[in-house]
Every structure is written in C-alpha cells, then in structure tokens.
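Subject: Structure for you to look at

Hello,

Here is the structure I said I would pass on. Please open it alongside this note.

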Amino acid sequence: MSNQKVESLEALISKISYEIVSEGILEETEINKLLGVLANNGVYAMWVWARSRKDINDHALFNELMRVMKFVKEKSEEESFENYFQSISEDLHKLLFIKQLLEKTLIYARYHAKSLGD
C-alpha cells in the first residue's frame, strides 16, 4: 500500500468518525460499548451486538463503516452484511486489518463525541 493510499485512508477514517457522531448515529456511551465488544470479541461480535441494540441504527452505522472496510474487501449490493462478515473471517489478515480500521474509526469517534460534549 502506498503512502498516498494510507494518507487517504487516514483522512477517510477521520471524516467517517466525525460523521458517526455529528449525524447522531452513535453517542459516546454506545461508541465505548462497541469498542469493548470489538476489542474483546472481534468484528463479527461487534456487528451482531450492534444489530441486537434497539438504540443503535445499525444500518446507518455499518453503511458508514463500510466506507472504511471497503479498503480491505468490497461488499456487493446484493451481499448481506451477514455474508460479508462471514467471508472476511475466512482471511485472518483481512479480518485483523478491518478490526484495526474499525477500532481506529471508533476511537476517533469517541474523541469527537467528547469534544462535542455528548
């Protein structure tokens, strides 16, 4: 991966993390819980946990996060998130990279939430 692409990815993560907070998709408490599930149980568990929460708009959240995850693997229009997350778990390197991207995005979102006083 070239330095230009890494810089573009960093800029995208910053933008998405801000939008997750500014558009009211997640509040600080929800971000912290998602980070906890992601860190302790992984990407698939985070997705399942978010889907189980009535207070989280999981569709809006994962559409935002997909903008980062597509750097590792694109999701087709017809593919469900269930199939997407199962398919990335078949490649450990891709799975770990997506986990890092999601952690960074949620950590930045937590800082945005703190700065906005949520």
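Below is what I found, from the overall fold down to single residues.

First, a caution: this is a predicted model. All values here are computed from it.

Overall fold. The protein has six helices and zero strands. Along the sequence the pattern reads α-α-α-α-α-α. The C-alpha atoms fill a box of roughly 40 × 35 × 30 Å along the principal axes.

Contacts and burial. Take the contacts between residues at least 6 apart in sequence: 68% of them join residues at least 24 apart. Buried residues make up 37% of the 118 residues.

Surface and charge. The accessible surface comes to about 6700 Å². Carbon and sulfur atoms account for 48% of that surface. There are 15 positive and 19 negative side chains. The centres of these two sets lie 2 Å apart.

Helix α3. This helix spans residues 43-52. Which of its residues are buried? They are Val43, Met46, Trp47, Trp49 and Ala50. These residues cover an arc of only 165° around the axis, so they sit on the same side of α3. What do they pack against? The buried residues of α3 pack against α2 (28-41), α4 (58-69), α5 (81-88) and α6 (92-116).

Glu79. This residue is in the loop between α4 and α5. Is Glu79 buried or exposed? Its relative accessible area is 17%, and the cut-off for buried is under 20%, so Glu79 counts as buried. Leaving out residues up to four places away in sequence, Glu79 touches Lys73, Glu74, Tyr84 and Ser87.

Ser22. This one lies in helix α1, which covers residues 3-22. Ser22 has 39% relative accessibility. How far is Ser22 from Ala109 in sequence and in space? The two are 87 residues apart in sequence. In space they are 9.4 Å apart, C-alpha to C-alpha.

To look at on screen:
- the buried side of α3, with Trp47 and Trp49 among its residues
- Glu79 in its loop, with Tyr84 as one of the residues it touches
- Ser22 and Ala109, 9.4 Å apart from C-alpha to C-alpha

Best wishes

Note on methods
Residues are numbered from 1 along each chain as its sequence is written. This is a predicted model: local features need pLDDT of at least 70, side-chain atom pairs count only at pLDDT 80 or more; totals for chains, interfaces and linings use all residues. Side-chain values use heavy atoms; hydrogens and water are left out. Helices (H or I, at least four residues) and strands (E, at least two) are DSSP runs, numbered from the N terminus. Buried means under 20% relative accessible area, exposed over 50%, partly exposed in between (1.4 Å probe, protein chains only). Contact means heavy atoms within 4.5 Å. Accessible areas come from the Shrake-Rupley method with a 1.4 Å probe; for residues, only the protein chains shown count as cover. Lys and Arg count as positive and Asp and Glu as negative; His and the chain ends are not counted. The place of a charge is taken as NZ of Lys, CZ of Arg, CG of Asp or CD of Glu. The arc is that of the directions from the helix axis to the C-beta atoms.
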